[in-house]
Structure formats: C-alpha cells, structure tokens
Amino acid sequence: MHPRDQTIFALSSGRLPSAIAIVRVSGPQAGAALTSLAGKVPPPRQATRALLRDGEGEPIDDAVVLWFPGPASATGEDVAEFHVHGGRAVLTSLLAALSLPEQMRAAEPGEFTRRAFENGKLDLTEAEGLDDLIHADTDRQRRQALRQLKGLLGDKARDWRARIIEASALIEAGIDFSDEGDVSAELPAPARERIAALLGEIQEVLAAQGKAERLRDGLVVTIAGPPNVGKSTLINQLARREVAIVSPYAGTTRDVIEVQLDLDGYPVTVIDTAGIRETDDPVEQEGVRRARARAADADLVLWLTDTPDGRHQDDSATPRWSVRNKIDLDSRKPDTRDRTTEITDPAPPSANARAESGKAAFEISAARGDGIPELIAALVVFAQEFFGQGEGGLIARERQRELLQQTAISLQRSIAMFERGEEFAAEDLRGAAFALGRLLGRVDVEDILDVIFREFCIGK
C-alpha cells in the first residue's frame, strides 16, 4: 500500500503530561478506528463521550471523540479525533491500540498538513503560513503568519495567474486566426495592456516588502567590544536573567551566547561575544574570531566600552552604536536608576542617548540599570525602522520573493517580445504562469515539498 493511502495518527496537542491530549487520525480507516475503540462512529462534527477500549476489551480512558468525514475535514480525508486525559500511560495505550491494524501507522512530521495540501484544502503559501504561525514567538510574527494562513498571497497569486492565462488566450487567438483579416492586430494590444498592468502590481508588492521576510527570523543585535567592559552584564540586563557568566577577569566569555527577546512584538536576538583583543590563547583567539564574524553578520552592533573616549573600528556597513558602560563608577554621575521600569515598557529616550548622522551613543550602567530603559526604547525604534511595513507585507519567505521576481522578469520579457512576435511573448507568459504555479505549489514542486513539510512538528 502506498504511504499516502495508509491511515495515519499522531498526538496533535502539547507536551505530556497535560490536562487533555488530542490524538488525530486521518485516512480511510479513521472510521474503523473509532468503531474499534469507541464502539461506534458518532454523528459528524459532534463531540461525543465514549469509553475507549483496546483490542482485548480493556478500558483505556473515558474520552471525548469527534468524527469529520471527508472531504469536509482538515485534511480532506476521513478524520477522527480522540480527546483523552493527558497522561503518558493513557497516550501509550491509545497509540498502541491504533497501531495494531496493518494499514495504520504513526504520522511523519507535517504529514497531516501535507495531505491537506495535496487534497486542495490549502495552497503552499497557506501551508507556510501555518508553519510560521506554529513557530511564531511574538505578536507581530503571529499576525503576519495569520495573514499568510488566510491565503492573502495565495489569493493574489491565483488572480494574477488567471489574468496571465487570459492574456495568453488573447495572444494565442491572434496567432491562430492571423489569416482572418486584422484580427491579429486587434487581440495582442489589449493583452499587452493587461500584462503591463499586472507587472505593475507585482512590482509594487515586491517593492513594498523591504525586509518583511526578516520578521520571521528577527533582528540580530551583537554586543561587541574589548574584554571586561560589561558585555555579559548587559545581556543579562536585557534578558532579565543570568544567561552569561559575569566575572571581573578579562576573557571570561569564550563562545557566542544568544538570547531571544520580544521587544514591543518584534523578535530580537541579542548576541554576547568574546572580548576583542590580541591574545596568544588559542581558545580565546577562536572566540575573538567568532565575535568578529557575528558582528559582521549582525543587523546592529552595540560597541561597548567603559571609557569616555572609547572608539570602535567602523570597518563594515553594519550600523554600530557606541555604548559607554560603568557610569556608576563615575563620581560625577548620581544614582538615577528607576527600579520600576519594565523591559517590555521602556521609557522614552533621554539626554544620555543621542543620535547623529544615523549613529547613536549611550551612557549606561549595566550593573546598576542606569540608561537601560533608554537603550531598549532606542532598540524598539530601530526595529520599527528596520522592519518597516514588513508586518503588512504579503511576502514572508525568500522562496516566495524569488518566484515573484521570476514572474516579474518573465512578464517584462513578454512585453519586450511583442516587437519580435506574439509567439515569443506567449512563451514568456507561460513562464510567468509556471512561476506562479510553483508559488502556489500546484506545478513541479515535488523537490521542495519534503523540505517544507519536514519542518512541521509531528501531529500537524
């Protein structure tokens, strides 16, 4: 039996133990599984209480079962759900009973969603949106993923593809009936106008994206600087917990330490690196090498020093902010810390943060908390400018952007080819329609399906 014809099952809820665990079954034997375990198939889409029993008649659990006959189900197949108590022993017994029939097996990662895709319940952009929604860490990521799941990009792509096919039909008609008077001259003209209008729409979507797809991965901020200036203390302040070892001895941090933050709904990865200096220690040398590499790849570098005249080498295009730490050791600075400030509600920037020509300078005490709210507020503003209108964009993944770019290039070539002949223009239109088909996952995408769906968790 082909794997796609088998009935699959998996835990579709959270980690055990839990109050309730949901086991989903999809495939032609879903109804038989309900009958075997619950004694009957309940009315469609109606929660029904049932005592589940294994093959030997031993009770498994007092549960709630649901029945979703295909094609009116999440996967387009017959689907059964078992809502049981979320204990490990209960789940073990239920999965063991489900695995007894030869034609039933445990689901692979993303297999439920892949079956939904293959049965036309959602297109590939919606499947990607579902994956992004599952992995969303911040509210802005959630909202962007939900728009994808609702099919906004897919709906646009289907409309664009239909309009390309209409334009192609006009051109093909002109070619086929070229011997019918002046028909050939009449049909390609409106086709060219439609192609130009469509190209403008796609280019507008591409131009509006900016760094929209980066919202999935987040902003990367690297804390760099000489040894023993308080980099680890600062990342602990930002994380509000001890994520890095703090020591008065230089060279304590040897490796890269990362922490994930949610700043006003923006996902931010803050990286603590080894102090950058010349050293004979091979381990510290590797830490310095990694620090330089992460600083070069970051979206923003916080260059930390502990002296008023601290300088950094601005040898890359990466934005760098100068942050002077340890102002609590400066006798001229009073204790102005605000112990009530929360990291999720930063205060507005004050006089100790200044921006000049796109660069910023801050004075803080990572140990005492002075200036931290202002630094966080500035990071939020930077994130807002960095992501721009990304949250409202249609494109969330590099794959989507590349295929839309291919579509736009094919449409541009098609317009240019009208001078050489309608046959050439029609061929480039077919290329544009093919690229949009790949975007939706409806043509020639078998090579990428495994890559996309194996990223899903089991049971989804």
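Start by selecting residues 124-134, helix H4, and residues 139-149, helix H5: the two pack at an angle of about 155°, with axes 7 Å apart. (Axes are lines fitted to C-alpha atoms over the stretch in contact, and angles run from 0 to 180 degrees between N-to-C directions.) That's why H4 and H5 are roughly antiparallel to each other, a label for angles over 145 degrees.

This is a predicted model, where local features need pLDDT of at least 70 and side-chain atom pairs count only at pLDDT 80 or more, while totals for chains, interfaces and linings use all residues. Residues are numbered from 1 along each chain as its sequence is written, and side-chain values use heavy atoms, leaving out hydrogens and water.

Now show side chains. On the H4 side, pick Thr-125, Glu-126, Gly-129, Leu-130, Asp-132 and Leu-133; they meet Arg-142, Ala-145, Leu-146, Gln-148 and Leu-149 of H5 (contact means heavy atoms within 4.5 Å).

Next, jump to Val-229, in the loop between strand E7 (219-224) and helix H10 (231-239). Helices here are DSSP runs of H or I with at least four residues, strands are E runs of at least two, and numbering goes from the N terminus. Val-229 is buried at 3% relative accessible area (buried is under 20%, exposed over 50%, partly exposed in between, with a 1.4 Å probe and protein chains only). Who are the neighbors that Val-229 touches? Leaving aside residues up to four places away in sequence, they're Leu-304, Thr-305, Asp-306, Asn-325 and Lys-326. The C-alpha atoms of Val-229 and Asp-306 sit 5.5 Å apart, despite 77 residues along the chain.

Last stop: H12, residues 372-387, where 13 of 16 residues are buried.

Conventions. The expected span of a helix is 1.5 Å times one less than its number of residues. Angles under 35 degrees count as roughly parallel, over 145 as roughly antiparallel, 65 to 115 as roughly perpendicular and the rest as oblique.
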